[in-house]
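Here are my notes on the model you sent over.

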Amino acid sequence: MQVETSSSKYSAKHYPDTIRSWKKEGNYFSFYTSETILEVRVISDKIIRFRYASDGTFQRDFSYATSDTLEEFPIAFGIKEWEENFEIYTNCIKVLIARDNLRVTITDLTGKVINEDEMGFHWQHYLQKGGKIVYCSKLIQEGEVFYGLGDKPTDLNLRGKRLENYGTDAYGFQKDTDPLYRNIPFYYGLHEGIGYGIFFDNTFRTIFDFGKERDNVCSFWARGGEMNYYFIYGPDLMEVAEQYTRITGTPELPPIWTLGYHQCRWSYYPEKKVRDIAAEFRQRQIPCDVIYLDIDYMDGFRCFTWNNEYFPDPVAMIKDLAAEGFKVVVIIDPGIKVDQDYNIYQEGIKNNYFCKRADGALMEGDVWPGKCVFPDFTNPEVRDWWAGLFKGLAETGVRGVWNDMNEPAVFEMGSFPEDVRHDYDGEEVSHRKAHNVYGHLMSKSTAAGLKRYLMPHRPFVITRSCYSGAQRWSSVWTGDNVSSWEHLWLAAVQCQRLSVSGISFTGSDIGGFIGEPDGELYTRWIQLASFHPLMRTHSASNETGFNQEPWSFGEEYEAVVKKFISLRYQLLPYFYTTFWQYAQNGTPMIRPLAFVAQHEEETHDCTHEFMFGDSLLISYVNEAGMKEKEVYLPKGTWYSYWNDETYTGGQHVTVPTPLDEMPLFVKAGAVIPFYPVMQYTGEHQLEEIILEAWYSDSITKSTLYEDAGDHYGYKNGQYNIIRYKQQSTPKQFWLKKQYYVNYETSYTRVRVKVHGLPFTPELILGDGQAISSFTLHPETKVLEFVTEKGVEEIIIK
Ligand code: MIG
């Protein structure tokens, strides 16, 4: 591997010289030096795009990352000319561009530096491969910490590290393995409470150095393409996350069953095995919605075929499983078997859909089916053809597709060689430029196909590799991890990082893919994953015969696993609401503590806790035999979910961690919706929902979003948004509902449970009417009563 340093061997470094002229067209500003052009585009008060043409000509302005629906809001902006620099200003920031070398300094309106170029933009001719290596270097501010970059399996704070993006099949990866499966060239900086983000939209191999080479310099570069980045100002990190996700796009709502529990293994076959597993869940009353078929369901690993010996009648099997509430997801890899008698191979050859080497030979390589060729997903015509191939699977009853091996992974070769040619939507490029979007576009076309044929159902896709923006159509899992305690921690960190990198719909292989967890590790992992949007057990156990199902570790563990999967199902309306916030505003579902309390330094390096949604703080257990755990609680008041004990935040507290409890806290003032436990989503018609409120003496707001959980009625306004405002005092509990309601839920009652009342309740009023029947639980002091669904105001005195 080549090691690049700022004194790299490729060729001399070039820097921009003096600005000779400039122009403004709408919200675009261009600055011309003798060779270089800088284009500054004001997208909004807080988002600025910087784009550099090193030798006077821009490349095609094209991106697989950005969403078509990104709206520009350059509300108020302008330019001032100073002696030393130009100043582009908005309502929130000033961008200073030095006249003598194009260096950029971004400040807030008071002049406080947010981000500042060191050398700024510079480049080298890439003599061996052609094009240019484009760099940007920035000064690291006092105390600055860094986050982001997708799935990197390392500490959350990236300060002092160098990392790169070049999608890799990292089987059995370890802490600090890099690169990994995904390519997310987006990072955050935070210093003195000021947060910002930089999205470097370049699909070549990209490298980020956060002060590893030089203490005070952060730089990023790519081995080709353009220096093209979006600067996003916060100052709140959560706002940066939301803005980034709006640039690269938000997902549609998934079918609610995808937020249930998923059971997977390499591989469940034959049919009888699949049926037995499904039956076992129902018999043991452990909720489960999804069962996966890994590569062995296919005929000789040929995509879009079935092994008739193992699965003689897939339609009937899937139908029977559906009657028990199971949805089937099947794997589809990119490698197409070289086989003259295989229709997909024939069609692809006939239409020239497969990737070729530089001199025109097919790109051939071995994967599971033996010798394979690979569709060029960067060709829109190929994407359309591929989408069409899902018709059969959809008709068979399959409800979701799992895209694997799409880094792309090839046995022995690792991946494609760099000379492979790609269409790249008409640009015709080498694999150097297309590598990082190969799996991205495979999953995009898979999702398009499923959407087309599953109508009126919503589709579900899970992919291993992708580029920024894949959250618009797919979920991801963290890849081939290992059954170890360290990997439980890695899973927790990776999911936090992915979530703030635009990809909230994520999870890890619970229990580890490689190796065998013991009951304790599996149980602790289930507890963590109960608060990951994607909750899936998976393992590579086809060779060893080892079982990794909720009941595989004996009764004691099974009981705890069941408790947490059941809790997950009770929390489904909260999960779904949190997903809606993400789909609506780009708000990360999993929130690292640094993102919810960036002014508290204790949170900056914190990896062993996170928040899920607005109200729950999770501190998972990642050590064997742990009896108690020290938890940092951000400022504010918190309740233990388990016993309602209250804690004052802004400090560390120690809580017990018996096997059947993981430290779980509720933010005071929260109102959280619960469903009764069901064995799968929609098992019964809901007759009531449960609303649990935790008393607070400050004003708080909580949200409940509801719709049909499938289909697209919500796009025509068929949904409910209910906002609960709690405005209580030490003498009176007061909950007020504001709502938009346009979806008829089946339930008619709301069971209310109030925690932590500081007084003994004597009178409960629902819209002014006394509610005479209530229970005050003698031990927990929880007050419980039932109201009609329409009640808008609850007062307890
Ligand atoms: O070379 O399909 O990450 O989840 O079970 C291994 C078999 C191929 C890798 C995936 C894993 C999957 C496995 N696949």
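1. Ground rules. This is a predicted model, so local features are reported for pLDDT of at least 70 and side-chain atom pairs for pLDDT 80 or more, while totals for chains, interfaces and linings use all residues. Residues are numbered from 1 along each chain as its sequence is written, and side-chain values use heavy atoms, with hydrogens and water left out.

2. The main core. A nonpolar core here is a set of buried Ala, Val, Leu, Ile, Met, Phe, Trp, Tyr and Cys residues joined through side-chain atoms within 4.5 Å. Buried is under 20% relative accessible area, exposed is over 50%, and partly exposed is in between (1.4 Å probe, protein chains only). The largest such core has 199 residues, and the ones with the most contacts inside it are Tyr 261, Ile 332, Trp 386, Phe 531, Phe 733 and Ile 796. Its largest share, nine residues, comes from helix 9 (residues 485–499). Helices (H or I, at least four residues) and strands (E, at least two) are DSSP runs numbered from the N terminus. The core also takes at least three residues from each of domain 1 (590–667) and domain 2 (685–796).

3. The other core. Apart from that one lies another core of 42 residues, including Leu 158, Ile 194, Phe 208 and Tyr 229.

4. Contact means heavy atoms within 4.5 Å.

5. Helices 2 and 3. How do helix 2 and helix 3 sit relative to each other? Helix 2 (residues 271–284) and helix 3 (residues 314–323) pack at about 0°, with axes 11 Å apart. Axes are lines fitted to C-alpha atoms, for helices over the stretch in contact, and angles run from 0 to 180 degrees between N-to-C directions. The pair is therefore roughly parallel; the classes are under 35 degrees for roughly parallel, over 145 for roughly antiparallel, 65 to 115 for roughly perpendicular, and oblique for the rest. Glu 271, Val 274, Arg 275 and Ala 278 of helix 2 meet Ala 316, Met 317, Asp 320 and Leu 321 of helix 3. By class, this contact has five nonpolar, no polar and three charged residues. Nonpolar covers Ala, Val, Leu, Ile, Met, Phe, Trp, Tyr, Cys and Pro; charged covers Asp, Glu, Lys and Arg; the others, Gly among them, are polar.

6. Helices 10 and 11. The axes of helix 10 (residues 519–529) and helix 11 (residues 555–570) come within 9 Å and cross at roughly 5°, which makes helix 10 roughly parallel to helix 11. Among the residues in contact are Tyr 522 and Ile 526 of helix 10, and Val 560 and Phe 564 of helix 11.

7. Most residues other than glycine have a negative phi, and most peptide bonds are trans. Gly 234 and Pro 235 are joined by a cis peptide bond with omega about 0°, and Pro 235 is in the loop between strand 18 (227–233) and helix 1 (237–248). The bond from Met 455 to Pro 456 is also cis, with omega near 5°. Gln 285 has a positive phi, near 60°, and is partly exposed at 39% relative accessibility. For His 711 phi is near 65°, and this residue is partly exposed at 33%.

8. Domains. The protein is divided into domain 1 (590–667) and domain 2 (685–796), with bounds from an automatic or database domain assignment. Their C-alpha centres lie 25 Å apart, and four residues of domain 1 are in contact with six residues of domain 2.

9. Thr 654 sits in strand 39 (residues 651–656) and touches Glu 628, Lys 629 and Glu 630, leaving out residues up to four places away in sequence. Ala 597 is buried, at 5% relative accessibility, and lies in the loop between helix 13 (593–596) and strand 34 (610–612).
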